[in-house]
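Have the sequence and the model open side by side.

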Amino acid sequence: MEKITKIAILGAGSGGRMCAADLGSMGYEVRLFSRDISRVAGIKARGGVEVLDIDSKPTGMFGKVALVTDKIEEAVKGAHVILNPIPYTSCEEYARLTVPHLEDNQVVVYLGKGGACLTWAKVMRELGIKKRVFLADTNTLPYGTSKMGAHQVRLEARTKNLLLGTFPGKDIDYVAEVMGKLFTQEHGYEIRKGQNAVDSILVDYNAITHTPPMVCNASRILTGDKTFHLFGKEENPLPVVRIIERIDRERMAIGEKLGLKQYTLEEEILMVKWNPKGEDYVLPLYDAIHTPFLEVCEGPFTLETRHLTEDIPYGLVTFSSLGKMLGVPTPVTDAIITLSEVLLDKDYWKSGRTVKELGIDPSWSVDQVKKYLKEGKID
């Protein structure tokens, strides 16, 4: 494996800034791309990104950014790894912008929601790009983080357990080795090798945990109540947690149909949270989702936010579409989708990410789907 020195980060929101700060502080040559250069003027002026702690105080951590640009070809040229930490609503747009400039053997990892590697592969086919690149995604961002000042980002927590999916699945060992160099054990990260690209789709913490409290607290959110915290105890009483649990079990049933080894959400959170002695102990879901690291996050204060506009069409709709293809019922998932459509006056069943949008033929058998995900083709 070639030594990794040059990292392109496509997207300069909270996740992109934190990636730039983290990797820049580790000595990598970081190129930060933003479609709007004015959004990164402060970073360009300071030469990097400063990290604040959970109380919004300086940590002393500063990541140098070698290049801040709005020219995608500058960011991508010669990069060993390309990271794309953006909302999924812009995933295909970024793929179409980037793939004409890809070079052989580059590793492209979308950070934030599983299934993006299937989207990038679909775009490459449609544009006739035949470069040998490695496509991957993670089920969530590596950080809980918030954009603060013009050159600052607040680090609330590291998502230390990242599930990595690749397309095709046979590339997982190579990409996992690369990711392990960037998101290191020294920082507490464990890179879990997904069995295929659907594995990272299903372990979607955001789609499972964001959407029920958003729907159930819609009135409070719309009042602009500044004390609202999405993961607060008041916002997530036991009945709301039961909805979260039901959605979680429905997505597990989908994974089981595909032969994937699945963990409950509370087991996933426990693995993320700490099991230093390896005890065989699972937190009840209510206790598992109520943590100080999550409860500190304010808002959101509108329904027009990624907690619905991303997590419904690109999370729950995908769950439901997979369920329909595989014959797995998803009644609670479907109910939250429908209520969200009414709240936002949207047709997410029409615009959301279905298996067809991911390049999977809904008529394929389970065995054909498995082969496609592993090998990248079915014949």
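The largest nonpolar core holds 77 residues, and Leu10, Leu118 and Ile360 have the most contacts inside it. A nonpolar core here is a set of buried Ala, Val, Leu, Ile, Met, Phe, Trp, Tyr and Cys residues joined through side-chain atoms within 4.5 Å. Helix H15 (residues 312–326) is the top contributor to this core, giving 8 residues. Apart from it lies another core of 40 residues, including Ile7, Cys19, Val30 and Val49. As a rule, nonpolar side chains in soluble globular proteins tend to be buried together.

A word on what you're looking at: this is a predicted model, where local features need pLDDT of at least 70 and side-chain atom pairs count only at pLDDT 80 or more, while totals for chains, interfaces and linings use all residues. Residues are numbered from 1 along each chain as its sequence is written, and side-chain values use heavy atoms, leaving out hydrogens and water.

What does leucine 10 touch, not counting residues up to four places away in sequence? Its partners are Phe33, Ile72, Ala75, Val76, Ile82, Leu83, Asn84, Pro85, Ile86, Tyr94 and Thr98 (contact means heavy atoms within 4.5 Å).

Histidine 307 is in contact with His210, Thr211, Met214, Leu230 and Pro300, leaving aside its neighbours within four places in sequence. As for glutamate 177, 183 residues separate it from isoleucine 360 in sequence, and the two are 27 Å apart in space, C-alpha to C-alpha.

Zooming out, the protein chain has 18 helices and 12 strands; both are DSSP runs numbered from the N terminus, helices being H or I with at least four residues and strands E with at least two. Its C-alpha trace spans about 55 × 50 × 45 Å along the principal axes. Buried residues account for 56% of the 379 in the chain. Take the contacts between residues at least 6 apart in sequence: 73% of them join residues at least 24 apart.

Note on methods: Buried < 20%, exposed > 50% of the residue type's maximum accessible area, 1.4 Å probe, protein only.
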